[in-house]
Amino acid sequence: LNGLQPGIGVALDSDSGRAFATTAGVLRSDDEVRVENLRKRYVPRKGDCVVGIIMGRTADFYKVEIRAPSPAFLPTLSWNGATKRNRPVLEIGTLVYARIEAAHPDLDTELTCIDPDTKKSWSTG
């Protein structure tokens, strides 16, 4: 390491003191030696606002790509004022702005378009 500190993606062997990479990527060094991961993906967290692309739909939910390890789903009733008879119909490829309602590393992420601060209903026009 030539006097530099190990950064993200680099670990030190406690026995030999040798450095090794913990992830694949590009080796960078300035104040520290680090490996930039080439697979940058978003890690969903509850409360985050995201822009996603509708990738599929069923009667009850939309499958949304948010560049996370697993797909997100958006229930069809997740809009202010949406009912079974009055809900938005989104086509595949449509962009949506949503908030993360629930995020778990082993399960699909749940999205919502309900604004908790207002009671205003959604509009299609």
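How many helices and how many strands does the secondary structure of the protein chain come to? The answer is 0 helices and 10 strands, and the model you are looking at is a predicted one. Five of these strands, β6-β7-β8-β10-β9, form a closed barrel. Let's walk through the chain as a whole, then the barrel, and then the core.

**The chain as a whole**

- Along the principal axes, the C-alpha atoms fill a box of roughly 65 × 30 × 25 Å.
- Of the 125 residues, 26% count as buried.
- The chain exposes about 8,900 Å², and carbon and sulfur atoms supply 51% of that area.
- Take the contacts between residues at least 6 apart in sequence: 53% of them join residues at least 24 apart.

**The barrel and its strand pairs**

- The closed barrel of 5 strands has mixed pairing. Its neighbouring strands are turned by 55° against each other on average, with direction ignored.
- Strand β6 (residues 49-57) pairs with strand β9 (residues 95-102) in the antiparallel sense, over 5 bridges. In this part of the model, look for Cys49, whose bridge partner in β9 is Arg99.
- Strands β7 and β8 also run antiparallel, joined by 4 bridges. Here Phe61 stands opposite Pro75 in β8.
- The hairpin of β7 and β8 has 6 residues between the strands, and Arg67 takes a positive phi near 60° in this hairpin.
- For a parallel pair, turn to β8 and strand β10 (residues 109-112), which 2 bridges join. Phe73 has Glu110 in β10 as its bridge partner.

**The nonpolar core**

- The largest nonpolar core has 16 residues, and the ones that touch the most other members are Tyr62, Val64, Ile66, Leu74, Trp79 and Leu111.
- At least two residues of this core come from each of β6, β7 (61-65), β8 (72-75) and β9. Strand β9 gives the most, with 3 residues.

Key. Residues numbered from 1 in each chain as written. Predicted model: local features only at pLDDT ≥ 70, side-chain atom pairs only at ≥ 80, totals over all residues. Heavy atoms only, no water. Pairing = 2+ DSSP bridges. Axes fitted to C-alpha atoms, helices over the stretch in contact; angles between N-to-C directions. Core = buried A, V, L, I, M, F, W, Y, C linked by side-chain atoms within 4.5 Å. Buried < 20%, exposed > 50% of the residue type's maximum accessible area, 1.4 Å probe, protein only. Contact = heavy atoms within 4.5 Å. Areas by Shrake-Rupley, 256 points an atom, 1.4 Å probe, with all protein chains shown as cover.
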